[in-house]
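Good morning, and thank you for making time on the agenda. Please look at the display.

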Amino acid sequence: MPEGIWNVVALLVVGYLLLLTELFAPGLVLGTLGLASVAYGCYLAFELGTQWGVGAILLSFAVTGGGLAVFFRSGAARKLVLTSQEAASWKSQAEGLESLQGKEGKTLSKLRPAGIAEIEGRRVDVIANSEFLDEGTRVKVRSVEGNRVVVEAVEPPAAAEAS
């Protein structure tokens, strides 16, 4: 065996251990160091001879492919992917917001322009249509777009009759 082969083996082993550790403690530092270690190990293998360099690269591909195959068959990979059952039950929109369209309520906080209002006994995150509104202002739901509930102030009956 050529002199320096143990340095190559050590760099490859340390590199793959760092990459494995990166799976359980993500943060890019360990993964970057692992990739650098594997790359430098392959570089040093080429200095020992072309056959050693090609062998190191083929070994790296085999270890990477085998590691990925084991990882994707493991329970750890399954935790990263939604199953069809989970995907079917997932919703990006709160239930029943569409039913608030046209309903009236009052603000529980100042709307600058976002805040909280009570509409039909339900606390809802809302956005004022155009102006800032004070707490306790009567509002009406103008539109519901996904989770975005847009409200505007309701004119008091006396002000509406005066105009």
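Of the 163 residues in this protein, 24% count as buried, where buried means under 20% relative accessible area, exposed means over 50%, and partly exposed lies in between, with a 1.4 Å probe and protein chains only. This is a predicted model, in which local features need pLDDT of at least 70 and side-chain atom pairs count only at pLDDT 80 or more, while totals for chains, interfaces and linings use all residues. Residues are numbered from 1 along each chain as its sequence is written, and side-chain values use heavy atoms, with hydrogens and water left out.

The protein exposes about 11100 Å², an area computed by the Shrake-Rupley method with a 1.4 Å probe. Carbon and sulfur atoms supply 62% of that surface.

Turning to secondary structure, there are 6 helices and 5 strands; these are DSSP runs, numbered from the N terminus, with helices being H or I of at least four residues and strands E of at least two. Their order along the sequence is α-α-α-α-α-β-β-β-β-β-α. Among contacts (heavy atoms within 4.5 Å) between residues at least 6 apart in sequence, 42% join residues at least 24 apart.

I now come to the charged pairs. How many salt bridges does a search of the whole structure find? The search gives 5, a salt bridge being a side-chain nitrogen of Lys or Arg within 4 Å of a carboxyl oxygen of Asp or Glu.

One of them joins glutamate 120 to lysine 103, at 3.5 Å from N to O. Glutamate 120 sits in the loop between strand 2 (114-119) and strand 3 (122-128), and lysine 103 in the loop between helix 5 (84-89) and strand 1 (104-107), so this pair ties together parts that are 17 residues apart in sequence. Glutamate 120 is exposed, at 54% relative accessibility, whereas lysine 103 is partly exposed, at 30%.

Another salt bridge pairs aspartate 134 with arginine 112, with the closest N and O atoms 3.4 Å apart. Here aspartate 134 belongs to the loop between strand 3 and strand 4 (138-145), and arginine 112 to the loop between strand 1 and strand 2, 22 residues apart. Aspartate 134 is partly exposed at 45%, and arginine 112 is partly exposed at 39%.

Finally, the side chains of glutamate 145 and arginine 148 form a salt bridge at 3.2 Å, N to O. Glutamate 145 is partly exposed, with 45% relative accessibility, and arginine 148 is partly exposed, with 40%.
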